[in-house]
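Subject: Structure handover

Hello,

Here is the structure we talked about. Please look through it, then read the notes below.

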Amino acid sequence: MRLSRFWFVFPLAAIALAFAAAGCGGSSKSGSSGSGGELVFGTAADPVVLDGALVSDGESLRPIDQMFEGLVTLKDGTTEVVPALATSWKADPAGTAWTFNLRENVKFHDGTDFNAEAVCFNFDRWYNFKGPFQEQSATYYWQTVFGGFSDGKTPSLYKSCEAKDDHTVVINLTKPSASFLGALALSNFTIASPTALKKYGADKGSVDEETGFKPTGTYGTQHPTGTGPFKFVSWTRGDRLVMERNDDYWGDKAKLDRLIFRPIADNAARLQALQSGEIQGYDLVEPQDIKTIEGDDNLQILDRPAFNVGYVTINQKVPPFDKIEVRQAVAAGLDRDAVVKNFYAGRGEVAKAFMPPSLEGYADDVQTYTYDPAKAKSLLQKAGVQMPLKVDFWYPTDVSRPYMPDPKRNFEAFAASLNKSGFKVVPHSAPWSPDYVGRVDGGKAGALNLIGWTGDYGDPDNFIGTFFQQPTDQFGFQNEEIFNTLNKAERETDSAKRTELYQEANREIMKFLPGVPYVHTKPALAFQSNVKGYVPSPVSLEPFSIVSIEK
Amino acid sequence: MSVAELEAREVGLEGPSSGLWSEAWRRLRHNPSAIVGFVMVGTFVFVALFAPLIATHDPLEQDLSLLNGGCCPGPSAEHWFGVDALGRDLFSRVVYGARYSLLIGVVSVAVGLSIGLLIGAIAGYAGGWVDSLLMRLMDIMLSIPGLLLAIGIVAALGPGLVQIMIAVGVTQIPIFARLLRGSILATKETDYILAARSVGIRGRVILSSHVIPNSISPVIVQGTLALATAIIDVAGLGFLGLGPQDPSTPEWGTMLTDTTRYLQTAPFLALIPGAAIVISVLGFNLIGDGLREALDPRFRGRA
Amino acid sequence: MLKFIVRRLLLLVPILIGLSFLVFIWIRALPGGPAEALLGERATPEAIAKIERDYGLNKPITVQYWDYVKTTATGDLGTSVTTRRAVTDELKQRFPATIELAIAAMLFSLLGIPLGFFAAKHYGKAIDSASLFVSLLGVSVPIFFLAILLKYVFAVQLGWLPTTGRVDARIDFDHPTNFYLLDSLWTGDFSIFWDCVKHLILPAIALGSIPLAIIARITRAAVLDVQNEDYVRVARAKGLSPREVDSRHVLRNALLPIITIIGLQTGLLLSGAVLTETVFAWPGIGTWLVDAIRSRNFPVLQGGILFVSVIFVLVNLAVDVTYAVVNPKIRVS
């Protein structure tokens, strides 16, 4: 072989050319036809499966919201219930039989008709889930709202569904419920095409206790079929989920031609992708990036109304945290003001209770606690514990939550203030998925752990009812007073009395201190400036059908 | 002095005498890169040893009020390197971080070196099936890429500072083992050893006066380079979240993980600890490299 | 020649067996054994027993190992716990991504050859020391730090190159082989190809920087060595022009150690890939394995690590064979 001395020039030149061209090369788009255009949205993770009945995570629910609809929905940006697939409804005097009048001339994406039979097919499917499908990891929301299933192991709110005619359906409950209608707006109760459900084996698969439903049929991964303004095109895990406008939609057609969800796990990477134009929007903006985005003329920040709570669990199964003085010492040992003021870029407010102030049932006069290391120490002394009190404190890794954008940071600040207050913190962490939530729920995350909650629907039951209405492994306590108040409140149909009962419950809870809430936040979304029409919702129910891209 | 040693001296079979070392030292002193390396490593070790005296603040002390709702104030008169996301002085954390890196480097290399040399010595001396078996074992260990092997060990041991030191140390065993074995084998075959044996000088003498001195130089060179690799590998493991489980620990690699999210607003949070790693590692590499050239017999005799 | 290859291939067998055994043991040494890891805190005794039966964990360890060997030998590497897809399917998707990155990085690192050559030619002068310094700097910068820096400078500040993934989110094209560069060329649309190349540049530089530094140094050392050999002096004495001397003798002989070192970079590339892929969200083997460790996804870990190590061993074998082909002296030993 004859090697010229300058043989290396060619590869060098090629690289130099590449850099030069990279600078002036325009981005290549696939052909975007039509006035609507295409929007790429950066998500934090892939959906689990595209079947509303079997998921509970935000990333699965986001595309489901675009492709499916339920009997009712929430008005954009609010928690007010408005018609969707049902145009009107009425409960009978007993409050147990709800009649829904269904919208006419609606078709599923596969061309089959939407009718009362389809509604009953869906409800009965959920009611008849058996075996592992009754795990909380699979059918969490059914169980939260309705309780049990057809096998009767646990009592169920749901009794039956009757298709009176093509456009009238009656849902029978076993007892009156004040929150039933609001709950129907949950994306988990959206109506899917019975034909598709059957044809593609929607119920085929297994359930993993930790991570939920693992389908073997292709319904939830390749053929989700609803009635919504977008329909499914394709989904490649780890790459993208593609939807396109449903031109046969019964209502206002979507403005966009195509909608693509792209998972980018790293927050900083999402920001960079937005700045470079690779994505046109993303959720869960980190507080320190908000200034950067606001300062950029090509980008905009949208606020989601505060509807969450971040708190520190106190597991009373771990002694001596079953003593009230010790719990009060924890509250006195957490510098919540400093954390909320400095870590949330002005978008957080210190939480006094386990539900946000905007919700009915909020009581302003609950017992409050301030950061006071000396007081904490004297409380511990009163409780008779040896100081410094060793405490196992857990926090999650690899995650960013709306109420806790940087869990490790919160943890370190709290640990430092606790260490000053007579405690000795032993740090523990676990990845959010698959371990952390399971650990917290199961009471296996130490005496203290960091967690939170974003509301799913506008009812206090969704917050304090979920946490404290019955004994849980997470909090590990038995307090009949609190249980009774909450149970009464849930059943109460008179709304004024209900509000009073929930306020009473909040007072009892903050006195008993099963945990220490510390923040409510206004999560932020970021978009390019030319994206118009997006309406943030407190419960993250946000349709892309009303979004358009200005040229 | 035994008869054997007298005879060894006579036949001129002494191992590398002080001649080699002093000449190597002389060449090292005139090597500008090596000098720079010494300065860097010297600073690094000095800072690590005298950290409490050099640091201006407590590396764990948080002052959230400095953050003013954002992140993070950069270098100032009060805080020379600025302040991190929890209001801790970055200069002090970097200074204390030197301690961790030095400790980690030394312990890992000690683990790898001691076990590796032992294995290599046994293999080189025993020969035969012992040698084959041990070297196959080393081959298997080498057949898994370094970081993956370390990750695997940490996964089994659980995350933590001690665990990553062990993991990184273990990944270095095959290198030292092969090195010593190779050196032993090479020395075994040289003419003057054969001559020495034919004259009747005992193995133990040969070992101490020839084999070991000849093997020391590559081991020293490799040891220095191994220190450099250890510091980087541990930083990598820390970056992946497998390092010290107390997040307030001022270890350079772990300090780098937290900071990628602040690249746009406070890049110095990543750049400074990163630079610290680069400087210390570079220092060891420069010295190791200089040593290699200084001790290389081929260059002996040339200016 | 053939005998040599066959002998080396036979040596491969005990290494592979040892490897598979090591991986097998390692998986079972991970904290929170398979059954518990799969079930989490809600593990009831019945559930654990069922999992153990399903996965054959209650059989004696030798039987388990034998089953494992049997299934693996047929190419069935199990099913991923988190995505329920066959491990081999995920491998088919992830492996080309890493290979593409590794090859690009390798190509970038070949720049080390002319750099090392240049430094050797100017031995002793300032520029030689400087290039030595720079190449040492190259191995002293942690890959993930370099990746972050590159991202920051070229993507965030200058906006020239993209920051994550293999291709722009708005582009959709068929990639049957999962080698995006090949598949995009196949579509005939050059802009897609170009976009894939752009996504490859920064990760390849980050990953290839250390091999580049090493190759540069070895080239320099090898060229220096060869230059002083007798046959080179003879060639010069014969009156050959410097260029001919260089190309016919120096380079050709210096190539030997260079080739060896290139082959040995595979290990570095694979471990570096883990860190680089994390920073650039590159969907390759590195991120796959690290995620699998975090989620204790045993089938993925077992199959993935085994596969990677086998590839590594095979590449080493290829390097040895190449070396032997180029250098007849080795074959005899």
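**Arg88(B) and the A–B contact**

The side chain of Arg88(B) makes a polar contact with the side chain of Glu412(A), at 2.8 Å. A polar contact is a pair of N or O atoms within 3.5 Å; within protein, one must be able to donate a hydrogen and the other to accept it, and residues adjacent in sequence count only if both atoms are side-chain atoms.

Before going on, some ground rules. This is a predicted model, where local features need pLDDT of at least 70 and side-chain atom pairs count only at pLDDT 80 or more, while totals for chains, interfaces and linings use all residues. Residues are numbered from 1 along each chain as its sequence is written, chains are lettered from A and ligands numbered from 1 in the order in which they are written, and side-chain values use heavy atoms, with hydrogens and water left out.

The side chains of Glu412(A) and Arg88(B) also meet in a salt bridge, 2.8 Å from N to O. The rule asks for a side-chain nitrogen of Lys or Arg within 4 Å of a carboxyl oxygen of Asp or Glu. It finds one salt bridge across the interface of chain A and chain B.

Where is Arg88(B)? Arg88(B) sits in the loop between helix H4 (51–54) and helix H5 (90–126) of chain B. Helices (H or I, at least four residues) and strands (E, at least two) are DSSP runs, numbered from the N terminus. Arg88(B) is buried, with a relative accessible area of 2%. Buried means under 20% relative accessible area, exposed over 50%, and partly exposed in between (1.4 Å probe, protein chains only). Leaving out residues up to four places away in sequence, Arg88(B) touches Glu412(A) and several residues of chain B, among them Pro59(B), Glu61(B), Arg93(B) and Ser248(B). Contact means heavy atoms within 4.5 Å.

**The interface as a whole**

Chain A brings 27 residues to the contact and chain B brings 22 residues. The area buried between them is about 1,900 Å², with 45% from carbon and sulfur atoms. That is the accessible area (1.4 Å probe) that two parts lose on being put together, summed over both. In chain A, Gln288(A), Asn342(A) and Glu412(A) lose the most area to chain B, together 30% of what that side buries.

Six residue pairs are in polar contact between chain A and chain B, both residues at pLDDT 80 or more. Five elements of chain A each supply at least two residues to the side that touches chain B: H8 (267–276), H9 (287–294), H11 (336–343), H13 (407–419) and strand S18 (423–431). H13(A) gives the largest share, six residues.

**Chains B and C**

Chain B has 12 helices and zero strands. Of its 303 residues, 55% are buried. Chain C has 15 helices and zero strands. Of its 333 residues, 53% count as buried. In chain C, residues 24 or more positions apart account for 73% of the contacts with a separation of 6 or more. In chain B, the corresponding value is 74%.

**One site in chain A**

Asp456(A) lies in the loop between strand S19 (448–454) and helix H15 (464–468). Asp456(A) is buried, at a relative accessible area of 16%. Its side chain makes a polar contact with the side chain of Tyr141(A), at 2.7 Å. Beyond neighbours within four places in sequence, Asp456(A) is in contact with Tyr141(A), Leu186(A), Asn462(A) and Val539(A).

Best regards
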